Amino acid sequence: MRRVVLNNALNDVLQDLLEEGVQLLGEHLVLVLSAILIASAIAIPAGLFLASSPRARRWALGFASVGQTIPSLALFGFLIPIPFVGGIGPHTAILALVIYALLPILRNTVTGILGVDPVVRDSAVAMGMTRAQILRMVELPLAAPTIIAGLRIATVTTIGTATIAAAIGAGGLGVFIFRGIASVDKLQILAGAIPAALLALAADGALGWLEKRFSR
Amino acid sequence: MSAVEFHDVHFRIGDRIILNGLTLSIEPGETLVLLGRSGSGKTTALRLINGMILPSSGEIRVDGKTTVEWDRVRLRRGIGYVIQEGGLFPHFTVERNIGLVPRLENWPEGKVVARVTTLLNSVSLSGGDFARRLPRELSGGQRQRVGVARALAADPKILLFDEPFGALDPVTRLDLQREFLRLRAEFGKTSVFVTHDVQEAMKLATRIALLHEGNLAFIGAPAAFEVSPHPEARAFLDVLHEARRAQ
């Protein structure tokens, strides 16, 4: 009789974890996708522009690098008191995640564009292609594998860093991890860590596949 | 009217003088070979024609208009350009590479496809599935043929060649030189051909323009070149005679 009761109790715990887990996974995905989309929207056009300006490049890459060096929890903390963008909750976390995602995407976009064979670029100019045509038809397609690699790195690290967002009330899988640490509950920790790891592996695989497709 | 005119063209990079007052005319339909040593200014002269660079002083007139006045995109669409390394787009098939300028010029798709097929035949790349291949799947000689086809695609009035056969083995080079002469007979374009190979110059030129340290040392038909007294011409003729003697 006692075994049955214990089993039921275990089932309940797992069920609760599953329900909450799905919700937290959803929150986690929102954090990651928002951050990556915003970071890409900033870093990819910036990278395209910077490819033609060595001086501006040094400044921009320097700024993004400094952003990387700030410990994540500290960055989340710094941003809280700032009006409008600060405060406890997902939007502060997303801002911090965007700052972290900038460098890999920016650097890879610049590297990708600069890596286009100068003979090919010269040839494109000599054929009478406009700057826009060269960008669209030659530089972007040839830089695509490198840019996607940058997105891959940014996405995988953002999935990991987003677990810390829970510390400032932004939700996500980190909620399980922090709660598990606080109550010394290994199951909770795993309930957060394993899905996050699987999510990172899946993103790495999917974007890696995309990278290869463009490398034909 | 001449196809291309150089009027006292100077080109400098910093303190280095590359072209020192070049004046010449290129007539429609002729093949002017720019012959000279490395660093003599021949590639620079070529690239001044399609506005890839602009002169430090003097002017280059194409079809009556100076390269500064021309909308350079339009100028280049009307000039075919073949370079040593080919410069084919590695991510485009042969078909897309050749059809590039016609498509930029909004030719109807059917016309582009027909043109590509015609040109592949003209450069002896018919048969098989050349059209669908990527440049990396082609040999050096095949890539250069595609490069020539691409230059001809939009039916430009002028063709520029920058040592196009320099990186090829001698057998393929001879093959392509013959191809060039055949295409000239077929299409009759004005061609400006840069080379440092005096044999190639003698074979292909209707006129040879010898450049030496940025100056024009000689300009005239191959027959006149052979008896030119200019020291630089003599230097090249020595090479020619050595080669002939070895045969």
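This is a predicted model: local features need pLDDT of at least 70, side-chain atom pairs count only at pLDDT 80 or more; totals for chains, interfaces and linings use all residues.
Q: Start with the interface. How many residues of chain A are in contact with chain B?
A: On the chain A side there are 17, and they are in contact with 23 residues of chain B.

Q: And how much area do the two chains bury between them?
A: About 1,700 Å² is buried between chain A and chain B, with 65% of that on carbon and sulfur atoms.

Q: How many salt bridges does the rule find across the interface?
A: Across the interface of chain A and chain B, 1 salt bridge is found. Asp122(A) and Arg47(B) meet through their side chains, with an N to O distance of 2.9 Å.

Q: Which elements of chain A give two or more residues to the side that touches chain B?
A: Helix H5 (118-126) and helix H6 (131-161) of chain A do. The largest share of that side comes from H5(A), which gives 7 residues.

Q: How many residue pairs are in polar contact between the chains?
A: The count is 6 residue pairs, with both residues at pLDDT 80 or more.

Q: What does the side chain of His91(B) reach?
A: The side chain of His91(B) reaches the backbone oxygen of Met137(A), at 2.8 Å.

Q: Where does His91(B) lie, and is it buried or exposed?
A: His91(B) sits in the loop of chain B between strand E6 (79-83) and helix H3 (94-98). His91(B) is buried, because its relative accessible area is 16% and the cut-off for buried is under 20%.

Q: Now salt bridges in general. How many over all chains?
A: Searching the whole structure gives 23 salt bridges over all chains.

Q: Take Asp175(B). Which residue does it form a salt bridge with?
A: Asp175(B) pairs with Arg145(B), and their closest N and O atoms are 3.2 Å apart. Asp175(B) is in helix H7 (residues 170-187) of chain B and Arg145(B) is in helix H6 (residues 140-152) of chain B, so the pair ties together parts 30 residues apart in sequence.

Q: Buried or exposed, those two?
A: Arg145(B) is buried, with a relative accessible area of 10%. Asp175(B) counts as partly exposed, at 37% relative accessibility.

Q: Which residues are linked with them in a network of salt bridges?
A: The network links Arg145(B) and Asp175(B) with Glu179(B) and Arg182(B).

Q: Moving along chain B, what about Arg244(B) and Glu226(B)?
A: Their side chains meet in a salt bridge, 3.1 Å from N to O. Arg244(B) belongs to helix H10 (residues 231-246) of chain B and Glu226(B) to helix H9 (residues 222-226) of chain B, so this pair ties together parts that are 18 residues apart in sequence. Arg244(B) is partly exposed at 39% relative accessibility, and Glu226(B) is partly exposed at 29%.

Q: And Arg245(B) with Glu242(B)? How far apart are they in helix H10?
A: They are 3 residues apart in helix H10 of chain B, about one turn of the helix. Arg245(B) counts as exposed at 62% relative accessibility, while Glu242(B) is partly exposed at 46%.

Q: Change of topic: which residues make the nonpolar surface patch?
A: Leu10(A), Val13(A), Leu14(A) and Leu187(A) make a patch of about 330 Å². Helix H1 (residues 2-50) of chain A gives the most to the patch, with 3 residues.

Q: Where is Leu14(A), and why is it partly exposed?
A: Leu14(A) is in helix H1 of chain A. Leu14(A) counts as partly exposed because its relative accessibility is 43%.

Q: Last one, backbone. What is phi of Ser124(B)?
A: Phi of Ser124(B) is positive, about 60 degrees, although Ser124(B) is not a glycine. Ser124(B) is in the loop between helix H5 (109-122) and H6 of chain B and is partly exposed at 42% relative accessibility.

Q: And phi of Asp155(B)? Which loop?
A: Asp155(B), a residue other than glycine, has a positive phi near 60 degrees. Asp155(B) lies in the loop between H6 and strand E7 (158-162) of chain B, and is partly exposed with a relative accessible area of 45%.

Conventions. Residues are numbered from 1 along each chain as its sequence is written. Chains are lettered from A and ligands numbered from 1 in the order in which they are written. Side-chain values use heavy atoms; hydrogens and water are left out. Patches are made of residues with over 30% relative accessible area and no salt bridge: like charges are joined within 9 Å, nonpolar side chains (Val, Leu, Ile, Met, Phe, Trp, Tyr) within 5 Å. Accessible areas come from the Shrake-Rupley method with a 1.4 Å probe; for residues, only the protein chains shown count as cover. A salt bridge is a side-chain nitrogen of Lys or Arg within 4 Å of a carboxyl oxygen of Asp or Glu. Helices (H or I, at least four residues) and strands (E, at least two) are DSSP runs, numbered from the N terminus. Buried means under 20% relative accessible area, exposed over 50%, partly exposed in between (1.4 Å probe, protein chains only). Contact means heavy atoms within 4.5 Å. Buried area is the accessible area (1.4 Å probe) that two parts lose on being put together, summed over both. A polar contact is a pair of N or O atoms within 3.5 Å; within protein, one must be able to donate a hydrogen and the other to accept it, and residues adjacent in sequence count only if both atoms are side-chain atoms.
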